[in-house]
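I opened this notebook to keep track of what I looked up, entry by entry. The pages below begin with a pocket and then turn to helix packing.

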Amino acid sequence: MLQKKLEELKSQLRQMGRVAIAFSGGVDSTFLLKVAHDVLGDRAVAVTVRQRSFPERELRESEDFCTRENIAHVVREHDELSIEGFAQNPKDRCYLCKKSVFGLIGQVAGELSLRYICEGSNTDDNRDYRPGHRAIAELGIRSPLRDCGFSKADIRELSRQLNLPTAEKPSFACLSSRFVYGETITEQKLRMVEKGEEFLRTLGIKQLRVRIHGENVARIEVLPENFDTVLKNRELIFATFKNIGFAYVSLDLQGYRTGSMNETLATKQV
């Protein structure tokens, strides 16, 4: 079944001929880029949009992968906080951002005569609130992994077979997703979140989120098996987070889960 999906993906990419791959360095886009480059060679170009919500670590990993695989890689700067309405963090924030980001990728594709733009959504993404999908549809962006029926588990399994460094990489979403809808997103608070998450990774915690509430409250989400690590290091974590700028630090007893900021959408109008 997996090989059939892979052959269908390769066939779609061959038919496209020349593609720009929206490349974040995550599990999905890395797999898509690898397959596209294997099929199309230099006719597949990685395009990474560097934003304030995009950690430096992710950018370095993206650049390292393209260098190692000898894939053409274009990096463009983009200030999402300048998008009208974005900083106010409405519930369609992701739509506003995707519309602007893929517009920029479209400019790169035009400059390089790349006929199609592809992004890495998979079938699992259909389960959560994803307003960015509306922008993708409006702009005619292709989602070949989703079209070919790839789940996240499928992508990880084939990534292992291809020896991709992202096969076991934890899921990641932009730092703006750490904010409660309706609370203002600022450069300062984005850096607070980034520094908090980077510190927790030094403790050996891989899958995590630092959600920010108000100006100075951090809610840490980790997998339940990592609760002991957090509690054993609670004094160090609090001292570090206080130095970062947080006044209060909490551990979410429900544990890590994607899209936890979407849980209030049914009861909250933004």
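**Pocket entry**

I sorted the lining of the second largest pocket by class and found 6 nonpolar, 5 polar and 9 charged residues, where Ala, Val, Leu, Ile, Met, Phe, Trp, Tyr, Cys and Pro count as nonpolar, Asp, Glu, Lys and Arg as charged, and the others, Gly among them, as polar. I noted that this is a predicted model, in which local features need pLDDT of at least 70 and side-chain atom pairs count only at pLDDT 80 or more, while totals for chains, interfaces and linings use all residues. Residues are numbered from 1 along each chain as its sequence is written, and side-chain values use heavy atoms, leaving out hydrogens and water.

Of the 20 lining residues, Arg57, Glu58, Glu61, Lys169 and Pro170 lie nearest the pocket's centre. Helix 3 (residues 56–69) gives the largest share of this lining, 6 residues.

**Helix entries**

I looked up helix 1 (residues 2–16) against helix 2 (residues 27–40), and found that Leu6, Leu9, Lys10, Leu13 and Arg14 in helix 1 meet Phe31, Leu32, Val35, Ala36, Val39 and Leu40 in helix 2, contact meaning heavy atoms within 4.5 Å. The residues of this contact divide into 9 nonpolar, no polar and 2 charged.

I then turned to helix 7 (residues 152–161), where Leu2, Gln3, Lys5 and Leu6 of helix 1 meet Asp154, Glu157, Leu158 and Gln161. By class, the contact of helix 1 with helix 7 has 3 nonpolar, 2 polar and 3 charged residues.

Technical notes:
Axes fitted to C-alpha atoms, helices over the stretch in contact; angles between N-to-C directions. Helix = DSSP H or I, 4+ residues; strand = E, 2+ residues; numbered from the N terminus. 1 Å grid on protein atoms, 1.4 Å probe; cavity = no way out; pocket = protein on both sides within 12 Å on 5 of 7 lines; lining within 4 Å.
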